[in-house]
Amino acid sequence: MTSPERPEEPVIDRILGYDALDALSRRVTADPDQVERGLVQLVLTLVELLRQLMERQAIHRLDAGALTEAETERVGETLMLLERRMAELREHFGLKPEDLNIDLGPLGRLL
Amino acid sequence: MLLYAVIRAEAESPALVGVCGGGLETHRDAEVALVAEACDRPPENSRPMALRYYEIVDQLSRSVSALPIRFPTTVGGRDDVIRELARRAPQWRRRLDELDGLAEMVLRASWPGAAATPESGHPSGSAYLRHRAALVHTAEQTAGQLERRARLVCRDVRRLSATQGVRLACLLPRTAELELRRVLNEWQQDEVGREVTLGGPWPPFSFVDVQETAYR
Amino acid sequence: MSVPSTTASNDVALVDLLDRVISGGVVISGDIVLGIADVDLVYLGLRLVLAPAHEVEESVNLKRVRTS
């Protein structure tokens, strides 16, 4: 998958080995509102992913008895506030929980 | 070209109309074939469109053994199609034999308190975390119980992404649906308060790969 | 109480069905596919991140040479 040598070839195309910018421009809409919504979706999905990973870790440690009472309180409070903030942000942008699930193609869905 | 399913090379796909309004065509290689539709532009990535796509794939599956393709998959043209066929033919052929006549049903379990609604007021951090932990434990226990029961009837059971609740995919012959319902009904009677709803049967989207991945 | 039929729990079954249709099924990937990810920025971004560092440097240097 080598790309032909062209004098004006963008860096990104050399790395990816094909006309990536062309493929992208065919797909990405020019509507700024939609682009913003897409980016918001992306950011919130990543934050939600992190929240889930952190929660899983915390529960794992709780089960293993590896958290002091003070730590349990602190971690629990952080996660609780994060979940609430996430719900507020989702509502603000009119996104449902199932909207926060980006399709990464062959890598499957994020969540 | 919008791709619909992988079928055996010698199979005859029924004459169906695709989501773009055109006829479905069969592109054959030596062992396997791809059922596709020449669309002017990629179909809209929407729920109604996905549903229409599913209905066509479902009709196709009822007449021939088929591996459904994820929606939406659009490729450049016939050459791309043929190249992909040659590349994956042996594994696809094998899987087609293994899934012949089998469909999928999705089990979704619920129990009192399963919907983790945000707590009103201000619970302490500890209370919150312990509550979340309890949810996870109950979910895991429920999934385990359901899987054990389902395996009495299903050829294979796969757990689906846990973020959307306790859901399992079951691979079974369409004729075994009643048997599955009977088994799950017994579980509901044994575990008072726990309930399960069933979706399907539909083509085996969750079972096209041989390897079970951690997340589906 | 028997397991509800699929017609009784239609909305839920529909959500599960659509989830399978877009998250399951055979995946055909690579450059023959025209648009496989919802957010192509993410996909391209990931590939950019995964490209070996020296390749990126090399490309950047080459570009500098060409434009100088």
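Reader: What makes β2, β3, β1 and β4 of chain B an open sheet?

Author: In this predicted model, the four strands stand in the order β2-β3-β1-β4, and their pairing is antiparallel. The edge strands are β2(B) and β4(B), residues 66-68, and each of them pairs on one side only. On average, neighbouring strands of the sheet are turned by 30° against each other, direction ignored.

Reader: How do you know that β2(B) and β3(B) count as a pair?

Author: Pairing requires at least two bridges between two strands. Strand β2(B), residues 25-28, and strand β3(B), residues 32-37, are joined by four bridges, so they pair under that rule. One of the residues involved is B:His27, whose bridge partner in β3(B) is B:Leu34.

Reader: How many residues lie between the two strands of this hairpin?

Author: Three residues lie between β2(B) and β3(B) in the hairpin. The two strands run antiparallel.

Reader: What makes β1(B) and β4(B) a pair?

Author: Three bridges join β1(B), residues 2-8, to β4(B); the rule asks for at least two, so these strands pair as well. They run antiparallel, and B:Ile7 stands opposite B:Ala66 of β4(B).

Reader: Which strands does helix α2 of chain B touch?

Author: Helix α2(B), residues 78-99, packs on the sheet and touches β1, β2, β3 and β4 of chain B. Its direction makes about 120° with that of β3(B).

Reader: Where does helix α1 of chain B lie?

Author: Helix α1(B), residues 47-63, lies across β1, β3 and β4 of chain B. It runs at about 10° to β1(B).

Note on methods: Residues are numbered from 1 along each chain as its sequence is written. Chains are lettered from A and ligands numbered from 1 in the order in which they are written. This is a predicted model: local features need pLDDT of at least 70, side-chain atom pairs count only at pLDDT 80 or more; totals for chains, interfaces and linings use all residues. Axes are lines fitted to C-alpha atoms, for helices over the stretch in contact, and angles run from 0 to 180 degrees between N-to-C directions. Two residues are in contact if their C-beta atoms, placed from the backbone, lie within 7 Å.
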